[in-house]
Structure formats: C-alpha cells, structure tokens
Amino acid sequence: MSLLRSLRVFLVARTGSHPVGSLLRQSPQPRHTFHAGPHLSASASSKELLMKLRRNTGYSFVNCKKALETCGGDLKQAEIWLYKQAQREGWSKAAKLQGRKTKEGLIGLLQEGNTTVLVEVNCETDFVSRNLKFQQLVQQVALGTMMHCQSLKDQLSTYSKVRWLMSVILALWKAEAGSLEGFLNSSELSGLPAGPDREGSLKDQLALAIGKLGENMTLKRAAWVKVPSGFYVGSYVHGAMQSPSLHNLVLGKYGALVICETSEQKTNLEDIGRRLGQHVVGMAPLSVGSLDDEPGGEAETKMLSQPYLLDPSITLGQYVQPQGVSVVDFVRFECGEGEEAAETE
C-alpha cells in the first residue's frame, strides 16, 4: 500500500493537481500541422496532372499514374513513356495476331482542294470497324497519304505547264498521269510519316491500334489524285459516314474517284461527279472505254458503254456527253476485295 501511495503522490506531482483518472478521461488535444497549404496543393496538383495525362492519352488511370511516378511528375515525359510502352505492347500483340484474316474495315475518302485520296484499312470484324479508335486510325492514314501527295507539287506545276502550252492530247495525259495520280501498296503506305502531330510512321500507328483493340489490322492500299485547272475529281462513298473529328473525311465500305475533264466551270460538277462515282461503285467497270464502243459483249466491262446505273435505258456515255465532261480515268475500292479470292486459292 505504501508503494502505491508513493506512486500516486509522484504522478500528481508530475501532472499538477489532476488525478491520473481525470487525465485519461480528458479528450485529446488537437495536433496542429504547420504549412499544410503547400502539402494539399501538391496533392491537388498531382491529381490535376493525372487527369490531364488521362485526357491527353486515353490510357487508364493506373498506367497514367505509373508513367508520372516513373517520370517524376513530368507530363511531357510521361506521355512519351506511355507511347513507347503502348507501342512495345502493340508490336508484341501484332506479331501474335499476324496471319489472321482481315476481311472487314473501312474505306476513307479525303478531299482538300484539287487533291483527293482514297485509302483502305482492314480489320478482322465489323464490330471493330465501327470503333472510334479504328476510325481514327483510318483518318491518320488518309492524312498521311494526303501529306505525301501534297509534297509532290512540283510535278503538278510542270505537268500543268506542258498541258497548257502544248495542248497534250488525252492519251498523253494518261501516259503522264504518273505525276498526277498514284497508288501505294501496303508496304509503301506503312512507311509514310504519321504526320506533324504524331511520332514515327503509319506502321507505328497501326501497332498502337492493334495493341488497343486486340485485332489484326492491315494498311492495305491507297490511291491519290491531284488535278490541274480544267479537271475535276468526282467521288462517292457507299454507306458513308462522316469522320468524328475531320469534316472532309468520309468513311464507308465502297469508294470511287472519277477524274473528269471539263471545258468550262459548271455549278453542277459535284453532282455529276457523285453520280459517276455511284456508277463505278455499282457497276464495277474495268476500264473507261470510249463513246464509240457498242453496248454488249466485252464492252460490258467498259464504263462508257455500260448501262447507266441510275437510268439503264441509256449508256453512261450517253449520260455524260450532254453534260460537257469527259471521263478520263477512275479508281474503285471495295473493302476486303481480294481476301476471299486469296482464301479460295
């Protein structure tokens, strides 16, 4: 007892006049933290960086957080890190999916001034072809092809001068057409630069899309046409839908370009060009032919001697002649064409 009494006296002496029990029952005093403001603002700043990186790249919060941690909070470096990681994963997935059939996809038609491009990008399923990320890939391919075509302006000006001064006949125009129209196969298309706002080539963009969507995809082909004054490119896309972010890009399953020569500027050229494009998509001619071709037989594959799609009582040649335009050439793309034949073989 004397030991307990001594202990009680000692504690009271150390804590003032309050007994031990009352001390234990007292509510704890608040703990003050100095300079809490900067700590909270740093946390808010980190969250804001995370949200911004997520908006800029579209990657998950987990990946964005890891990127910021890896790059010490540097937003630009985090974007580069994410891009490289996604590209690495995309190439790995592309290698695994290589060889799987790509019968679906989209045709993209892009027109700017006197320049028109037609591209085809394929995927495995129609479901993926309707995905926004796939449509953005088609858009990027069309823009890359347009940049390639517009870089050839010297060839066009040289041709225009020859055409104007020497009045080259139509056959010579077609022989000279290599400077005005061209085709890119899958390998050539893949090697084009992705554009000013994208790193690497179109092939790199393809790998990124494969990594995100998980299907095999191919950049199949592209055609481009650039015409001087006195010519017009009619166009048509079947099942057309506008690109979500590029007003002059049209997407669909079939596409056609029809190059016309006209002696005078007409207000209805766009409508004529669209009708000619519809005919090419629907009737699938193999060559232009001439106005002298008789209908029937082999002429059925020649555009001008075919029954006009919108009025089968006349030939296409009989439709265009009164319009004051001459059909020079055409390009027709059908999404997935050639795949079934290759599979049968």
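Me: In what order do the six strands of the open sheet run?
Reply: This is a predicted model, where local features need pLDDT of at least 70, side-chain atom pairs count only at pLDDT 80 or more, and totals for chains, interfaces and linings use all residues. Residues are numbered from 1 along each chain as its sequence is written, and side-chain values use heavy atoms, leaving out hydrogens and water. Strands here are DSSP E runs of at least two residues, helices H or I runs of at least four, both numbered from the N terminus, and two strands pair if DSSP finds at least two bridges between them. The pairing is antiparallel, and the order is β3-β4-β2-β1-β7-β6.

Me: Which strands stand at the edges?
Reply: An edge strand has a single partner, so one side of it is left without a neighbour in the sheet. That picks out β3 (181-184) and β6 (241-242).

Me: How many bridges join β2 to β4?
Reply: β2 covers residues 115-123 and β4 residues 217-226, and they run antiparallel. Asn122 stands opposite Thr218 in β4. The bridges joining β2 to β4 number nine.

Me: Is Gln278 buried or exposed?
Reply: Gln278 is found in helix α12 (residues 269-283). Buried means under 20% relative accessible area, exposed over 50%, partly exposed in between (1.4 Å probe, protein chains only). At 18%, Gln278 is therefore buried.

Me: How far apart in space are Lys101 and Glu124, C-alpha to C-alpha?
Reply: Lys101 lies in the loop between α5 (75-97) and β1. In sequence, Lys101 and Glu124 are 23 residues apart. In space, their C-alpha to C-alpha separation is 6.1 Å.
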